[in-house]
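Please look at the sequence and the model below before reading on. The report that follows takes up helix packing, then aromatic rings, then the chain as a whole.

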Amino acid sequence: MVKASWAKHIPPFWFTLVVSAALRVGLILYSEWHDAHSIVKYTDVDYPLIQLLTSPYTRETYRYTPLLALLLLPNELLHPSFGKYLFAACDLVNGALIYQILVTSLLPLQGTKSSAPPPGNKAQTAVQVQDTAPQSTRERDAMATLLAGSHLLNPLVFSISTRGSSESILCTFILLNLYSALRRRWGTAAILLGVSTHWKLYPVIYGISCLAAIASIRFAMVSASTFFALGVFCYAIWGHPFLYEAFLYHLHRLDHRHNFSPYFYLAYLTYPGQGGGDFMDVPLWRRYLRSPLTSLIPQLTLSLGFGILFGQHRTYAFVLFNRVCTSQYFLWYTLFLPLLAPRIRSLWFCAAIWFGTQALWLAEAYRLEFLGENVHLSLWLRGLIYLAGHAWVLTKVIDDYTVDVICYPVYTASVVSPRDGFGNVVFQCKGEGEEP
């Protein structure tokens, strides 16, 4: 009775959604007032105010798909804050998708147990998952509300969208891709993966896990066809500027300004105009080491390896070892935190390390950014501590998430559940180290 009582104190999900919407509307209205009365703007400097009949690539810092520019044309036609409301609405959709995925796919796994076969025994045990009591359903809904609310009410999430960053649109595509894959709608998932990769290149790493799960050439063809079709359409209208700014630029991008990446100090020392000299004047082996493409080797190796071996955690590795890493990039993997949290046993300890190493880095970054002190070397050393701390968190999450009994969902269409739209959900469980 004590264990079940906590769920009664959790408001329904719709209430969390309404509060989240009101918070975002309030911040957008405040941003309009703040920007009109302050030199330091609330709105992101990259928030694109698109002009009609003008290529978005006339703006020097616009390095996104031109489809985003089309979506934001109402900024001029209706209201300059239209894009912010669109991004905030995507935030709410993301919260609803997280809640739905938790309730229908992930939380039913909690409490599902099976005695693992002894080593060498290939026998498998099937466990039928059912809602056995209204009380368990209430607890599940309450837990899903808490976890989805941790995303909706995350300051990093609502501040990014209300300042005018479009990350929430990409997050919507990615979550829809995951939702479709969990329901085995692989055609829809393939199209969404192609759209996501067109929007930004990094979601291509999710395709590895999908292919490892279903081994389908058709999935790869549909996804690639979607990506190239969108690319051909945009190239036909916007030409080479689209191809370069949206894709090719990121292959050789160098950022000498301080950021969390372990490569920033090397970029700072060798950047043209920062004392690095002419790139062609250095030996060939040094040119290879300084090349932005070199940093892709450990990044893609780890990201793709995690996708194949574990099926998750690849986004964390991709961001952690990226050659440019700012706080905004954290949104790429914190999006999945509510989905992973129920299976992580040392969540609070990992959170302490995650926040602590960032705080250590930010304290030194403040001296550089606001006090103008020459602390590049010490900031880089703290960046290495950040790298080690976050890498430890990654290994801990992998260790906690890997349990002795691993369950594989199998969906059949013989009986349809009136509650969540799934068929019979059967989990085939295997012992650690055995083949499914």
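Helix H8 (residues 167-182) packs with helix H9 (residues 186-199) at an angle of about 160°, and their axes are 8 Å apart; axes are lines fitted to C-alpha atoms, for helices over the stretch in contact, and angles run from 0 to 180 degrees between N-to-C directions. Because angles over 145 degrees count as roughly antiparallel, H8 and H9 are roughly antiparallel to each other. The contact (heavy atoms within 4.5 Å) is made by residues of both helices, including Ile169, Leu170, Phe173 and Ile174 of H8 and Trp186, Leu192, Leu193 and Trp199 of H9. By class, this contact of H8 with H9 has 12 nonpolar, 4 polar and no charged residues, where Ala, Val, Leu, Ile, Met, Phe, Trp, Tyr, Cys and Pro count as nonpolar, Asp, Glu, Lys and Arg as charged, and the others, Gly among them, as polar.

This is a predicted model, in which local features need pLDDT of at least 70 and side-chain atom pairs count only at pLDDT 80 or more, while totals for chains, interfaces and linings use all residues. Residues are numbered from 1 along each chain as its sequence is written, and side-chain values use heavy atoms, with hydrogens and water left out.

The structure holds 24 aromatic pairs, a pair being rings of Phe, Tyr and Trp (its six-membered ring) with centres within 6.5 Å, and planes over 60 degrees apart counting as edge-to-face. Two of these pairs are set out here.

| Pair | Centre distance | Plane angle | Type |
|---|---|---|---|
| Tyrosine 30 and tyrosine 42 | 6.1 Å | 85° | edge-to-face |
| Tyrosine 57 and tyrosine 62 | 5.5 Å | 70° | edge-to-face |

Tyrosine 30 lies in helix H2 (residues 13-37) and tyrosine 42 in the loop between H2 and helix H3 (66-71), so the pair ties together parts that are 12 residues apart in sequence. Tyrosine 30, at 36% relative accessibility, counts as partly exposed, whereas tyrosine 42 is buried at 15%; buried means under 20% relative accessible area, exposed over 50% and partly exposed in between, with a 1.4 Å probe and protein chains only. Tyrosine 57 and tyrosine 62 are both buried. Elsewhere, ring pairs link Phe260, Phe330, Tyr333, Trp354, Phe355, Trp361 and Tyr386 into a cluster.

The protein chain has 20 helices and 3 strands, which are DSSP runs numbered from the N terminus (helices H or I, at least four residues; strands E, at least two). Of its 436 residues, 45% are buried.

Key: Parallel < 35°, antiparallel > 145°, perpendicular 65-115°, else oblique. Phe/Tyr/Trp six-rings, centres within 6.5 Å; stacked < 30°, edge-to-face > 60°.
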